[in-house]
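Dear colleague,

Please open it first, and then read the notes below alongside it.

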Amino acid sequence: LTSRIRRALGDLQRNYEEVRQYAAPITLDRTDVDVAQAVRAAFEDLGAEFNARDVTLNVEERGDCLAKVDPHRMGQVFRNLLENAIAAAAGPIRIDVEIDKVTTPQGEEVKCAIRDDGQGMDTETLTRVFEPFYTTKQSGTGLGMAICKRIVDAHGGSIQADSTPSLGTQIIVTIPLEASS
């Protein structure tokens, strides 16, 4: 009974923190960050949670992809995206990450595409994935992807989802190399 109470208290604390984070203003402490290294670090942070699962992370970086971002906030984004990718698959999991420097009308940006081989999302889920409090999971607040969107938006970037049921999901995060003035 005591361990169940502690576990429930921990769940309540995590839910409270997610709601508080979503409601709080986002302030950024930008520094030069190697985006590929940030993705790898986020994956390593998740290692303890999924150590019994067969998960492979393949990161392909094309060129020098340093961006002036808040390392803590972008770490949150990558941890959430990787955690969702891991949760989406039942068997051995392969997550492919492609990181490119791209030129857009807005200037130079880093494009980070994270693909999983999980169950994918249906059309309704795909259209609502960034909505606050929308979730398909049994537990959680439905704020993870909404928080990711807020963080990426605060960096002046964009985040998109593409998915095919039973074939997997791809999330593309695009962030400017330099902070906009």
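**The largest pocket and the helices around it**

At least two residues of the lining of the largest pocket come from each of helix 1 (2-23), helix 2 (35-46), helix 3 (71-87), strand 5 (107-116), helix 5 (144-154) and strand 7 (168-176). Please keep in mind while reading that this is a predicted model. Helix 3 gives the most to that lining, namely nine residues.

The space in the largest pocket comes to about 1400 Å³. Its lining is made up of 44 residues, and those closest to the centre of the pocket are Asn80, Glu83, Asn84, Lys137 and Gly144. Sorted by class, the lining of the largest pocket holds 15 nonpolar, 17 polar and twelve charged residues.

If you wish to find the contact on your screen, look in helix 2 for Val35, Ala38, Val39, Ala42, Phe43, Asp45 and Leu46, which meet Gly75, Phe78, Arg79, Leu82, Glu83 and Ile86 in helix 3. The residues of this contact divide into nine nonpolar, one polar and three charged. Glu83 of helix 3 takes part in this contact, and Glu83 is also one of the residues closest to the centre of the largest pocket.

Helix 3 also packs against helix 5, at an angle of about 145° and with the two axes 9 Å apart, and the crossing of this pair is left-handed. On the side of helix 3 the contact is made by Arg73, Met74, Gln76, Val77, Asn80, Leu81 and Asn84, while helix 5 brings Gly144, Met145, Cys148, Ile151 and Val152. By class, seven residues of this contact are nonpolar, four are polar and one is charged. Asn80, Asn84 and Gly144 belong to this contact, and they are also among the residues closest to the centre of the largest pocket.

How are helix 1 and helix 5 placed relative to each other? Their axes come within 10 Å and cross at roughly 30°, and helix 1 and helix 5 are therefore roughly parallel to each other. Helix 1 passes helix 5 in a left-handed crossing. In this pair Glu18, Gln21, Tyr22 and Ala23 of helix 1 meet Ala146, Ile147 and Arg150 of helix 5, and the residues of the contact divide into four nonpolar, one polar and two charged.

With best wishes

Key. Residues are numbered from 1 along each chain as its sequence is written. This is a predicted model: local features need pLDDT of at least 70, side-chain atom pairs count only at pLDDT 80 or more; totals for chains, interfaces and linings use all residues. Side-chain values use heavy atoms; hydrogens and water are left out. On a 1 Å grid over the protein atoms alone, a cavity is a set of points where a 1.4 Å probe fits but cannot get out, and a pocket is an open set with protein on both sides within 12 Å along at least five of seven lines; lining residues have an atom within 4 Å of a point. Grid points are joined across faces, edges and corners, and a volume is the space filled by probe spheres set on the points. Helices (H or I, at least four residues) and strands (E, at least two) are DSSP runs, numbered from the N terminus. Ala, Val, Leu, Ile, Met, Phe, Trp, Tyr, Cys and Pro count as nonpolar, Asp, Glu, Lys and Arg as charged, and the others, Gly among them, as polar. Contact means heavy atoms within 4.5 Å. Axes are lines fitted to C-alpha atoms, for helices over the stretch in contact, and angles run from 0 to 180 degrees between N-to-C directions. Angles under 35 degrees count as roughly parallel, over 145 as roughly antiparallel, 65 to 115 as roughly perpendicular and the rest as oblique. A crossing is left-handed if the near helix is turned anticlockwise from the far one by less than a right angle, and right-handed if clockwise.
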